[in-house]
Amino acid sequence: MGSTVPDSFEWKETKPGRWERDVDEAEQFYTSLAKAYEGTGRTFFAMTGFISVFVPAEGGSSSRETESKAEEALRKAWLRLRYDHPTIASRVVFDVKEKKCKKIYPMFTEASSQEDWLKDTFQILSPGMSGLEWCNSDPPVPEFPTLFLIKSPSSADGAFRADVVLRAHHDIIDGMGTLMLFNNLFAHAAEIYKLGAGYIAPNFGGEWANLSPPLRVAAGIPKNLQPAQEDLIHDIIHSNESFKKDIEIASLPFHRDQMRPGKHQRVAINLSVDQTKQLLDKCREAGLSITHAYHTAIAVTVQGMQERHADERKVRYINYSLINERGHCSNPYSTSAHPASVYHSVSGRSLIIDLNVLASQDTADVTSANANDNTEFMSIAHTVRNFYLGIRDDKEHIFLVPSYWTMSTIPYPTDGATPPVPARNDNPSVSISSLGVLDKVIAPTHGPFQLDNPWVTGEELGTGLGLFLGTWKDRVTLSTAYNDAWHDKDEAIAFLERCNQTTLQALGVQ
């Protein structure tokens, strides 16, 4: 099946030291979106990966010695990742002559270029703020994926503390890939820290063999759809369009005084270990996953935020799901050997939930009512569950993924010029990305490197909210990305807390 994939997706050396391939539909979606919003000076859905690191002082070592040793280990580990996963040193460019986007990888061509690359892409900062504050301060999105060490002030215990942040374009790496990359980074750092001067750096020159192919190649998706699959795509497009007709779409309120995006922001709330255990148990009893429960709570929370009219009315919540497709990829692309990749999809069919909005004279709080009497919550939850399971069990899904991406892709300017910024979406919704159990992706301890609080976001330049759900060290974290032109921190936290309370009350978690 893989033989029917276009060979333009295979990496080729176009001139000494320069490797190129075409981008596939998933990569093109993110490249085109970033280009469409280039005029804002920001990068839509740029990836931010975050993890805190703690290295205790060894006996007799000063804080400076511990810091120097940890930083050097991470620096050398980052270079090692360039060898193992050279796609982290690639970027997408537009070929004006051929009128298409390509992914390019430049090899090292002289002895000093390793140092040049490290100087550009491994940056140690002491900004006088936390890593989260720095991430919320509109940091740059460099041309190539870049690792930032946001150092904490030295402490009396001599330990090294820092927040490690990856900033990258989304057409190079996705959220799950970022988490996998962190695990690989610290595995190497622990080895290098232990070996010290005995560590031998890789010999570059053949690393191009490790370049990651696009999803089409990794999953063996044929170039052309079968006639039945073409019919299915047309049916999905027709269905999605019909869902929006003759009904009010449930929309998230936002500040309407701004027309252009401001700074991307992230806030989060955490459950206790006991609450997380209770929630897992209650979800299991109800036949739900935590993702099903929280996606249900999002719909219920949005329902409660609708403006009330004189009469009760029906509104429709429309959304989608993001799916990690590494399970559909062949070995080794299904593994952490290829983290710098875009191996995920969006659901083709929309998630549709019809909701009642109470009349203005009704004094009941619809969210509280649904939480206390969980009949409606569970009814919605079953709809959500069936939607997710339908995608999971759909044997045709992976073959339709390129078409799903194409359906949502903004055309790339044929002259490569910066286009006008698209108008804001005046009917935003709220999505959720499930990261799962992060401890299964990132080991909390690698040698002396003790890790905490890993998370990822895609830079939000839209009017909606993008929620992220994950579990780390037996605690659920619910976070959201938003843009400060249209939402403020208090509103974002209030939304998270309302979703959380709705979920816990409906499932009977104390």
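The charged end of Arg 82 sits over the ring of Trp 117, 5.0 Å from its centre. By the criterion used here, a charge sits over a ring if NZ of Lys or CZ of Arg is within 6 Å of the ring centre and within 35 degrees of the ring normal. Lys 69 also meets this criterion, lying over the face of Tyr 193 at 4.4 Å from the ring centre.

The model is predicted: local features need pLDDT of at least 70, side-chain atom pairs count only at pLDDT 80 or more, and totals for chains, interfaces and linings use all residues. Residues are numbered from 1 along each chain as its sequence is written, and side-chain values use heavy atoms, with hydrogens and water left out.

Let me turn to the helices. Helices (H or I, at least four residues) and strands (E, at least two) are DSSP runs, numbered from the N terminus. Helix α2 covers residues 63–84, and its end C-alpha atoms are 31 Å apart, which agrees with the 32 Å that its 22 residues should span at 1.5 Å a residue. The expected span is 1.5 Å times one less than the number of residues. Among the buried residues of α2 are Trp 78, Leu 81 and Arg 82; buried means under 20% relative accessible area, exposed over 50%, and partly exposed in between, with a 1.4 Å probe and protein chains only. Helix α11, residues 375–392, reaches 26 Å from its first C-alpha to its last, close to the 26 Å expected. Its buried residues include Phe 377, Phe 387, Tyr 388 and Ile 391.

Which residues have the most contacts inside the largest nonpolar core? They are Val 53, Trp 78, Val 164, Leu 185, Phe 186 and Phe 449, in a core of 51 residues. Such a core is a set of buried Ala, Val, Leu, Ile, Met, Phe, Trp, Tyr and Cys residues joined through side-chain atoms within 4.5 Å. Helix α5 gives the largest share of this core, 11 residues. A second, separate core of 47 residues includes Ala 297, Ile 391, Leu 496 and Leu 504. Returning to Val 164, its contacts (heavy atoms within 4.5 Å) include Val 53, Leu 185 and Phe 186, residues up to four places away in sequence not being counted.

Next, the sheet. Six strands form an open sheet of mixed pairing, in the order β6-β7-β8-β3-β17-β16. Strands β6 and β16 stand at the edges with a single partner strand each, so one side of each is left without a neighbour in the sheet. Two strands pair if DSSP finds at least two bridges between them; β7 and β8 do so in the antiparallel sense over 6 bridges. The bridge partner of Phe 148 in β8 is Val 165. Elsewhere, β11 (residues 313–319) and β14 pair in the antiparallel sense over 7 bridges, with Tyr 317 opposite Ile 353 in β14. Strand β14 is largely enclosed by the rest of the structure, because 5 of its 7 residues are buried.

Finally, the aromatic pairs, of which a search of the whole structure finds 17. Rings of Phe, Tyr and Trp (its six-membered ring) pair if their centres lie within 6.5 Å; planes under 30 degrees apart count as stacked, over 60 as edge-to-face and the rest as tilted. Phe 29 and Trp 405 have ring centres 5.0 Å apart and planes at 45 degrees, so the pair is tilted. Phe 29 lies in helix α1 and Trp 405 in helix α12, so the pair ties together parts that are 376 residues apart in sequence.
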